[in-house]
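Hi everyone, thanks for coming.

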Amino acid sequence: MKLTVFGATGGVGREVVRQALDAGHEVTAVVRDARLDVPAHERLVVAVVRDLTDEDALVPVLAGRSAVISALGAASNKQARLTPVTGPALRAIVSAMDRAGVSRLAAVSAAPVGPDVATDGFVARRVFLPLLRRALRDLYADLAVMEATIRASDTEWTVIRPPRLLNKPHTGSYRRVVGANVPDARTISRADVADALPVSLTDPSTAGRAVGVAS
């Protein structure tokens, strides 16, 4: 596939780029400056777009692509409160995709943005998750806007919802639930989230669905 990857300098995004290149895909990595911690590769193009809400600047990096992967996300709740990232960017990205004739999209969200899993137990549903959602309310609000924007678009979309992200190796072995969060989900490596994104692009069952992933 010919992929455009947004958020390519982040923990998940870097792994998406590395794994996609290893799998033989062509990758356009969109960054806001020229720094990308991935070795140069003949199938890698690094495109600098400083303003991800500039639809006109996005169209050229999407033209001729098979699919788009968004690994965008605020670095902290404070950043999401002061300058929301994913909602505004995805609004421009899906519009630019329409102009460029690209329909397939996979994007990272977060498990707390989705509904609770009934089997997770009282403490998780009534204590832990409400506290987490309160502490990171601006970050999750930004992701919720992103999800709503994607759902309202004409894209053939998939949203990946992981729990807490860890810097651990890529295993390729993780739980996945289409249409719901994973029961008793606690953590997953950023590398395995990066695995789940391109996998979803070729799985018709994930189109128009949120997908829970967890170790």
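Which element gives the most to the lining of the largest pocket? That would be H5, with five residues.

Quick housekeeping before I go on. What you see is a predicted model, where local features need pLDDT of at least 70 and side-chain atom pairs count only at pLDDT 80 or more, while totals for chains, interfaces and linings use all residues. Residues are numbered from 1 along each chain as its sequence is written, and side-chain values use heavy atoms, with hydrogens and water left out.

Okay, the pocket. Rolling a probe the size of a water molecule over the atoms shows where empty space is left. Here a pocket is an open set of points on a 1 Å grid over the protein atoms alone, with protein on both sides within 12 Å along at least five of seven lines, and lining residues have an atom within 4 Å of a point. The largest pocket holds about 1,000 Å³ of space, where volume is the space filled by probe spheres set on the points, and the points are joined across faces, edges and corners. Its lining has 46 residues, and Ser109, Ala110, Leu139, Pro163 and Leu165 lie nearest the centre. The elements giving two or more residues to that lining are helix H1 (11-22), strand E2 (26-31), helix H5 (122-135), helix H6 (137-151) and strand E7 (164-166). Those labels are DSSP runs numbered from the N terminus: helices are H or I with at least four residues, strands are E with at least two.

What is the lining made of: how many nonpolar, polar and charged residues? There are 30 nonpolar, eight polar and eight charged.

Eight strands form an open sheet with mixed pairing, in the order E3-E2-E1-E4-E5-E6-E10-E8. Two strands pair if DSSP finds at least two bridges between them. At the edges stand E3 (44-48) and E8 (175-178), each with a single partner strand, so one side of each has no neighbour in the sheet. From one strand to the next, the twist averages 20 degrees. Angles, by the way, run from 0 to 180 degrees between N-to-C directions, and axes are lines fitted to C-alpha atoms, for helices over the stretch in contact.

Let's walk along the strands. E1 (residues 2-6) runs parallel to E2, joined by five bridges, with Lys2 opposite Glu26. E1 also pairs with E4 (residues 67-70) in the parallel sense over four bridges, and there Val5 faces Ile69. Further along, E5 and E6 pair in the parallel sense over five bridges, with Ala106 opposite Thr158. Then four bridges join E6 to E10, again in parallel, and Ile160 has Val211 as its bridge partner.

How enclosed are these strands? Buried means under 20% relative accessible area, exposed over 50%, and partly exposed in between, with a 1.4 Å probe and protein chains only. Five of the six residues of E6 are buried, so E6 is largely enclosed by the rest of the structure. E1 is largely enclosed too, because four of its five residues are buried.

Contact means heavy atoms within 4.5 Å. H4 (residues 86-100) touches E1, E4 and E5 (104-108), and its direction makes about 165 degrees with that of E5. H7 (residues 190-201) lies across E1, E4, E5, E6, E8 and E10, at about 160 degrees to E5.

Let me finish with some single residues. Beyond four places in sequence, Ile188 touches residues including Pro162, Tyr174 and Val213.

Val27, in E2, is buried at 1%. Leaving aside neighbours within four places, its contacts include Leu3, Val17 and Arg43.

Asp203 sits in the loop between H7 and E10. At 17% relative accessibility Asp203 counts as buried, and it touches Arg104 and Arg176, again not counting residues up to four places away. Asp184, in the loop between E8 and E9, is partly exposed at 41%. Its phi is near 55 degrees, a positive value in a residue other than glycine.

Note on methods
On a 1 Å grid over the protein atoms alone, a cavity is a set of points where a 1.4 Å probe fits but cannot get out, and a pocket is an open set with protein on both sides within 12 Å along at least five of seven lines; lining residues have an atom within 4 Å of a point. Ala, Val, Leu, Ile, Met, Phe, Trp, Tyr, Cys and Pro count as nonpolar, Asp, Glu, Lys and Arg as charged, and the others, Gly among them, as polar.
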